[in-house]
Every structure is written in structure tokens, then in C-alpha cells.
Amino acid sequence: MTNRNGSYTTSDLSRKSGDIIAEALRHPVTITQRNKPRLVLLNIDDYERLMRQSDRRSVATLQTMPDELFAEFEEAVDAYARSDETSR
């Protein structure tokens with residue numbers, strides 16, 4: 001029971017959960033509800049890989065930005081402001 005596009009409805013999931021889970025072990029499967037994607041089932045290896053990739057991203061604020069990078073940022077903003085003023 002392989003669905004060509006890897007997409008199933010919530011009704012399919014309740015009726016054929018074993019088959020859909022078996023497919024999700026091979027590749028991500030989308031579960032739709034009212035013709036809209038609602039969930040993705042994927043194997044644990046793919047999930048852990050995605051989580052590791054997201055851990056590499058970091059969030060920063062101007063307050064936590066290193067001084068050297070902040071100075072570079074300020075310089076870029078000032079240069080942009082000057083170029084905007086001259087184009088008026």
C-alpha cells in the first residue's frame with residue numbers, strides 16, 4: 001500500500017496505521033486533514049538529524065553580539081542611512 005506522494009488523510013491513518021508507519025520508517029509521510037497538511041511522520045534517525053541541525057543555529061540580540069561585529073553592523077547601518085539620504 002504505497003501512496004505515490006507519501007501523503008495520507010487522518011482517516012487513512014486510523015484505518016491503516018501499521019502500513020503508514022511502515023512507510024514512514026522508509027521516508028517522511030504527510031498526514032492531511034481536510035486536504036491540508038497537518039502532520040509529518042518520520043523515522044527517529046531523520047528526526048534526530050533535524051534536531052542536531054537546529055542545534056547549530058543560534059539566536060542573538062544586539063546586546064549579546066560581539067563588540068567587533070556590532071561595530072561592523074553599526075557601520076553598515078550608517079552607510080545605508082547615508083546612501084538613502086543622498087538618493088532623496
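Colleague: What helices and strands does the protein have?
Modeller: The protein has four helices and three strands. From the N terminus on, they run β-α-α-β-β-α-α. Keep in mind that this is a predicted model.

Colleague: How much of the protein is buried?
Modeller: Buried residues make up 15% of the 88 residues. To count as buried, a residue needs under 20% relative accessible area.

Colleague: Why is D12 called buried?
Modeller: Its relative accessibility is 14%. The cut-off for buried is under 20%. D12 therefore counts as buried.

Colleague: What makes D12 and R15 a salt bridge?
Modeller: Their closest N and O atoms are 2.9 Å apart. The limit is 4 Å, from a side-chain nitrogen of Lys or Arg to a carboxyl oxygen of Asp or Glu. The pair therefore qualifies as a salt bridge. In general, side chains of opposite charge can pair when their charged atoms come close.

Colleague: Where do D12 and R15 sit relative to each other?
Modeller: Both are in helix α1, residues 10-15. They are three residues apart, so about one helical turn separates them.

Colleague: Is R15 buried or exposed?
Modeller: R15 has 57% relative accessibility. Exposed means over 50%. R15 therefore counts as exposed.

Colleague: What about S14 in that helix?
Modeller: S14 lies in helix α1. Its relative accessible area is 62%, so S14 is exposed. A polar atom of its side chain lies 2.8 Å from the backbone oxygen of S11.

Colleague: How many salt bridges are there in the whole structure?
Modeller: A search finds two. One is D12 with R15. Another joins the side chains of R49 and D46.

Colleague: How do you know that R49 and D46 form a salt bridge?
Modeller: The N to O distance is 3.7 Å. A salt bridge has to be within 4 Å. The pair therefore passes. R49 and D46 are three residues apart in helix α3, residues 44-55, so about one helical turn separates them.

Colleague: Why is R49 called partly exposed?
Modeller: R49 has 37% relative accessibility. Buried is under 20% and exposed is over 50%. The value falls in between, so R49 is partly exposed.

Colleague: Which residues form the nonpolar patch on the surface?
Modeller: I44, Y47 and M51 form the patch. Together they have about 300 Å² of accessible area.

Colleague: Which residues gather in the patch of negative charge?
Modeller: E68, E72, E74, E75 and D78 gather there, on the surface. D78 is found in helix α4, residues 67-86.

Colleague: Why is D78 called partly exposed?
Modeller: D78 has a relative accessible area of 43%. That value lies between the 20% and 50% cut-offs, so D78 is partly exposed.

Colleague: What is the phi of R34?
Modeller: R34 has a positive phi of about 55 degrees, although R34 is not a glycine. R34 lies in the loop between β2 (29-33) and β3 (36-41). At 71% relative accessibility, R34 counts as exposed.

Colleague: And what is the phi of N35?
Modeller: Phi of N35 is near 65 degrees, a positive value in a residue other than glycine. N35 is in the loop between β2 and β3.

Colleague: Why is N35 called exposed?
Modeller: N35 has 77% relative accessibility. Exposed means over 50%, so N35 counts as exposed.

Conventions:
Residues numbered from 1 in each chain as written. Predicted model: local features only at pLDDT ≥ 70, side-chain atom pairs only at ≥ 80, totals over all residues. Heavy atoms only, no water. Patch = residues over 30% accessible without salt bridge, like charges linked within 9 Å, V, L, I, M, F, W, Y side chains within 5 Å. Areas by Shrake-Rupley, 256 points an atom, 1.4 Å probe, with all protein chains shown as cover. Lys, Arg positive; Asp, Glu negative; His and termini not counted. Charge placed at Lys NZ, Arg CZ, Asp CG, Glu CD. Helix = DSSP H or I, 4+ residues; strand = E, 2+ residues; numbered from the N terminus. Buried < 20%, exposed > 50% of the residue type's maximum accessible area, 1.4 Å probe, protein only. Polar contact = N/O pair within 3.5 Å; in protein donor to acceptor, adjacent residues only side chain to side chain.
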